[in-house]
Amino acid sequence: MSEADRNEIRELLFKYALMVDRNRWEMQDSIFHPEATIDYTSAGKGGSIGHYREMLAWLKDSLRHSAARYHFISNEIITIDGDEADCTCAFNSPMTLEEPGAAKIVMTNSGYYHDRFERTPQGWRIRTRIMDMGLQIFH
């Protein structure tokens with residue numbers, strides 16, 4: 001278990017946040033393993049479990065009325081075992097919601113990501129992601 005491996009895993013966490021916050025969906029293949037799954041069931045409103053591309057398409061559509069998003073990732077606990085790794089990290093994600101005909105509001109989602117990583121020839125990739133949303137606040 002090297003510090004370089006830990007840093008590469010942390011960078012993937014931050015790349016995911018950047019992808020979602022900045023609508024850089026073209027980054028998804030550099031973050032996720034080709035067979036990766038994501039579990040967004042804790043999000044409610046249609047969140048489910050499936051292949052990462054299907055789930056990220058759902059997320060992109062769910063965020064269509066959010067003009068500003070800011071993921072903060074912290075408290076990473078990373079355990080590496082050979083070519084596999086587990087990571088739990090906290091997230092806090094305030095965002096604006098601007099639906100047509102409605103007042104702009106701020107919503108903050110907070111919780112944990114539970115990830116399994118796999119080392120590939122291209123580097124570490126997320127193999128499974130479970131989002132455990134514990135808090136949703138409307139301001």
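The expected span of a helix is 1.5 Å times one less than its number of residues. Keep that in mind as you open this predicted model.

**Stop 1: helix α1.** Select residues 3-21. This helix has 19 residues and runs 27 Å from its first C-alpha to its last, close to the 27 Å expected. Now color its buried residues, among them Ile9, Leu12, Leu13, Tyr16 and Val20. The buried residues of α1 pack against α2 (52-62) and several strands, including β1 (32-39) and β3 (72-81). Step just past the helix to Asn23, where phi is positive, at about 55 degrees.

Stop 2: Go back to Glu3 and show its side chain along with that of Arg10: the two meet in a salt bridge, 3.5 Å from N to O. Glu3 is partly exposed at 48% relative accessibility, and Arg10 is partly exposed at 21%.

**Stop 3: across two strands.** Next, pick Asp115 and Arg129, whose closest N and O atoms are 2.7 Å apart in a salt bridge. Asp115 sits in strand β5 and Arg129 in strand β6, so the pair ties together parts 14 residues apart in sequence. Are these two buried or exposed? Both Asp115 and Arg129 are buried.

**Stop 4: the largest pocket.** Finally, select Ser62, Leu63, Met107, Asn109 and Gln136, which lie nearest the centre of the largest pocket among its 27 lining residues. The space in this pocket comes to about 590 Å³. Its lining has 15 nonpolar, eight polar and four charged residues, with at least two residues each from α1, α2, β4, β5 and β6.

Notes:
Residues numbered from 1 in each chain as written. Predicted model: local features only at pLDDT ≥ 70, side-chain atom pairs only at ≥ 80, totals over all residues. Heavy atoms only, no water. Helix = DSSP H or I, 4+ residues; strand = E, 2+ residues; numbered from the N terminus. Buried < 20%, exposed > 50% of the residue type's maximum accessible area, 1.4 Å probe, protein only. Contact = heavy atoms within 4.5 Å. 1 Å grid on protein atoms, 1.4 Å probe; cavity = no way out; pocket = protein on both sides within 12 Å on 5 of 7 lines; lining within 4 Å. Points joined across faces, edges and corners; volume = space filled by probe spheres on them. Nonpolar A, V, L, I, M, F, W, Y, C, P; charged D, E, K, R; others polar. Salt bridge = Lys/Arg side-chain N within 4 Å of Asp/Glu carboxyl O.
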